[in-house]
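Thanks for making the time, everyone.

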Amino acid sequence: MLLKKIKSQLSRQKENMLYRKRLVLASPQTTTLTIDNNKLINFASNDYLGLANHPKIIEQMKLGLKKYGVGSGSSHLICGHSEAHETLEREFAQFLGKERALLFSCGFMANIGVLDALLDRGDLLLQDKLNHASLLDGGRLARSKMQRFAHGDLNHLQKLLQTDNQGNKLIASDGVFSMDGDIADIESLNKIAKKTNASLLIDEAHSFGVLGENGRGICYQHQDNPNLMVMATCGKALGTAGAVVAGSKDLIEYLIQKARSYIFTTAIPASIAFASITALKILRNSDHRRQKLTQLIKYLKQGLKSLDFKLLPSDTPIQPILLEDSKLALQISQKLRTFGVLVPAIRPPTVPEGGARLRISLSSDHKISDIDQLLEALKK
Ligand SMILES: *Cc1c(COP(=O)(O)O)cnc(C)c1O
């Protein structure tokens, strides 16, 4: 029965060109990857600042391993919460301009944990249509009413907020949309949230480290709103692993009591938190990396414009080429690999039906010659 379903689903995935396979890496996460004995220029990673293989962070991780050992042994609430976890939370809170922060094992768990903990039956959750899967799943878990507004359509959001609702309201949005690369209108979202007494959760997975003063993300300027919560991940620009939710001290205390994906899991290794403290310092002092990234984005966009592709309006390191057809996206991605560049094909359900695309992502470690090679390959 189940096995039959599995078989038929698998063949359907293949027929629809939606079957997924993993690449096996024989190298660290840098701008060149070794895959199947081939060297490929990496335009697939979220390691925007090149910190995933930074020597100082590696050294710090080694020190952390010496100091705290390998495993955390327990959940945070039993005996797995080390001084490294504690310090990282404090530094994150300060950096993001919030009273406190709470460290989760990853962004997916942070999002589902927060939404499930905060919302009850009778509450209303409003989400941008293109929000990350973890926010949508958090909404399903929460059992509150969930409605999705058209992508970036704040009139639609306001209309949905007018519906008669006795419970609490929460608006959730990606900061930078992970498959489109556009930036949420945080000014307006914050205004709408304040006007309607709604809480606001911004997922800064792709904006933290990249946007805002010293990479503090897009929410840092809006410290006047105590109902604004930030989720920032450590696995992308920061180059390590984990995620924090930052907000008021009451919010964090509440999450410690109630967020099930925080409570019922083993703490991430203290060495990762220890390394993340150093990574955060480096990220803060990475204006030169952010400037370089901005230049590379400009250079890539100019080059892409001269080719005949359908682009999306993005000023971030995420630069999609819209192809619509999954088969075409896959074929081009495979062809690009033969020219030595890795650009992933993104297909449904990661993007909407008919929204298949190539997703180019840049790192500040890319060289102009890397981008030239990508453009040359795309032209061919
Ligand atoms: C990657 C991502 C997450 C999940 O973060 P992880 O730490 O990788 O689990 C959440 N939201 C968005 C928008 C993301 O891109």
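Predicted model: local features only at pLDDT ≥ 70, side-chain atom pairs only at ≥ 80, totals over all residues.

**Aromatic pairs and the sheet**

The count of aromatic pairs comes to four, where rings of Phe, Tyr and Trp (its six-membered ring) pair if their centres lie within 6.5 Å, and planes under 30 degrees apart count as stacked, over 60 as edge-to-face and the rest as tilted. One of these pairs is Y68 with F274, whose ring centres are 5.8 Å apart and whose planes stand at 70°, so the pair is edge-to-face. Since Y68 belongs to helix 2 (residues 55–68) and F274 to helix 10 (residues 270–284), the pair ties together parts that are 206 residues apart in sequence; helices here are DSSP runs of H or I with at least four residues, strands are runs of E with at least two, and both are numbered from the N terminus.

Residues are numbered from 1 along each chain as its sequence is written, and side-chain values use heavy atoms, with hydrogens and water left out.

Is each partner in that pair buried or exposed, taking buried as under 20% relative accessible area, exposed as over 50% and partly exposed as in between, with a 1.4 Å probe and protein chains only? Y68 is partly exposed at a relative accessible area of 22%, whereas F274, at 14% relative accessibility, counts as buried.

Another pair is formed by F95 and F208, with ring centres 6.0 Å apart and planes at 85°, so that this pair is edge-to-face. It links distant parts of the chain, 113 residues apart, with F95 in helix 3 (residues 83–96) and F208 in the loop between strand 7 (199–203) and strand 8 (228–233). F95 is buried, with a relative accessible area of 0%, and F208 is buried as well, at 1%. Ring pairs link F92, F95 and F208 into a cluster.

Now to the sheet. In what order do the seven strands of the open sheet lie? The order is 3-9-8-7-6-4-5, and the pairing is mixed, where two strands pair if DSSP finds at least two bridges between them. Strand 3 and strand 5 (145–149) stand at the edges with a single partner strand each, so one side of each is left without a neighbour in the sheet. From one strand to the next, the twist averages 20°, with axes taken as lines fitted to C-alpha atoms, for helices over the stretch in contact, and angles running from 0 to 180 degrees between N-to-C directions.

Finally, S173 in strand 6 (residues 169–174) counts as buried at 2% relative accessibility. Leaving aside residues up to four places away in sequence, S173 touches D128, N131, L135, A184, L189, L201, I202 and D203, contact meaning heavy atoms within 4.5 Å.
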